[in-house]
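Please open the model in your viewer and keep the selection panel at hand.

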Amino acid sequence: MPLTSGEPSRQWLATLPLGGLQLTALIATSTRLLLNRQAGVTALLGYGGELALHKADRIAACRPDSLLLLGGEPCLWEGQAWSVVALQMPTESLLAACQAMAGEEAKPSAWKRLIHSTHALALGNDDNTVPLQQALRHLVAMIADLANLGGPGESLLQRLQLEEPLLRLLAALLVPQLRRELPFALAVRRRQQGAVDDAVKHQ
C-alpha cells in the first residue's frame, strides 16, 4: 500500500498477497498519512478508532464496523489510534466477479461507471447487507489465521483461491441487483420446481 507519512507516528503494517489482491493490516497512533494515487480500488474495513478520509472535496469517516470502497485517487488519512484492513484489487477483478454472479443479467458498463465514480462509498451498513459485511470480516479473519501458520499456511491460501469469495462478497455489497434472485435463475428454478411437482403428482 503506497503510504506516505505526514508526521511522526507509531505504525504497524503487514501485507499479504492473495492472488491478484493484496490485504494490508494497519494500526497507527495519532497521525496523518497520504495514500498515493493507485490503480484499482480499495475496500477499507474499520476495526478500531476513527479515521477521517479526505478524498477530492469529500470527507468520509471509517469507524469500527465501517466498510468503505475507495477509488484510486490520492487520499489523506487522519485519525487518533486507529486500525484498518485494506483489500486492494484491480477494477477488472471486481467487475469480473460482478459479471460471474449476474450471468445473463450482467451490466458491465453501468458497474464500471459506478466503480470509477466511487470516492468513498459506504457499504454493508443496512439490514440487508450487514450479514454480507460480517461474512466478509469472517473470511478476512480466516485468511489471517491461515497466514499465521507460516509457510504451509501461505501456500495453502494460494491453492484455496479465497480471493474469489472475497471479490464476490464485495460485488454483492456494491451491486444490489446481485443480492436478488435474477430473472433467468428464477425461471430455471421455477421450471425445475414444476418438473418436481409433476413427478410427485404422477407417483
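A pocket, as the word is used here, is an open set of grid points with protein on both sides within 12 Å along at least five of seven lines. The model is a predicted one, and in it the largest pocket holds about 270 Å³ of space. To find this pocket, select Ala14, Leu16, Leu23, Ala25 and Ala144, which are the closest to its centre among the 15 residues that line it.

Next, colour the elements that give two or more residues to this lining, namely strand β2 (11–18), strand β3 (21–28) and helix α3 (130–147). Which element gives the most to the lining of the largest pocket? That is α3, with 5 residues. If you then colour the lining by residue class, you will find 12 nonpolar and 3 polar residues, and no charged ones.

For the second stop, select helix α1 (residues 91–102) together with helix α2 (residues 108–116), which pack at an angle of about 140° with their axes 10 Å apart. Because of that angle, α1 counts as oblique to α2, and the crossing of the two helices is right-handed. To see the contact itself, show the side chains of Thr91, Leu94, Leu95, Cys98, Gln99 and Ala102 on α1, and those of Pro108, Trp111, Lys112, Ile115 and His116 on α2. Coloured by class, this contact of α1 with α2 has 7 nonpolar residues, 3 polar residues and 1 charged residue.

Technical notes:
Residues are numbered from 1 along each chain as its sequence is written. This is a predicted model: local features need pLDDT of at least 70, side-chain atom pairs count only at pLDDT 80 or more; totals for chains, interfaces and linings use all residues. Side-chain values use heavy atoms; hydrogens and water are left out. On a 1 Å grid over the protein atoms alone, a cavity is a set of points where a 1.4 Å probe fits but cannot get out, and a pocket is an open set with protein on both sides within 12 Å along at least five of seven lines; lining residues have an atom within 4 Å of a point. Grid points are joined across faces, edges and corners, and a volume is the space filled by probe spheres set on the points. Helices (H or I, at least four residues) and strands (E, at least two) are DSSP runs, numbered from the N terminus. Ala, Val, Leu, Ile, Met, Phe, Trp, Tyr, Cys and Pro count as nonpolar, Asp, Glu, Lys and Arg as charged, and the others, Gly among them, as polar. Axes are lines fitted to C-alpha atoms, for helices over the stretch in contact, and angles run from 0 to 180 degrees between N-to-C directions. Angles under 35 degrees count as roughly parallel, over 145 as roughly antiparallel, 65 to 115 as roughly perpendicular and the rest as oblique. A crossing is left-handed if the near helix is turned anticlockwise from the far one by less than a right angle, and right-handed if clockwise. Contact means heavy atoms within 4.5 Å.
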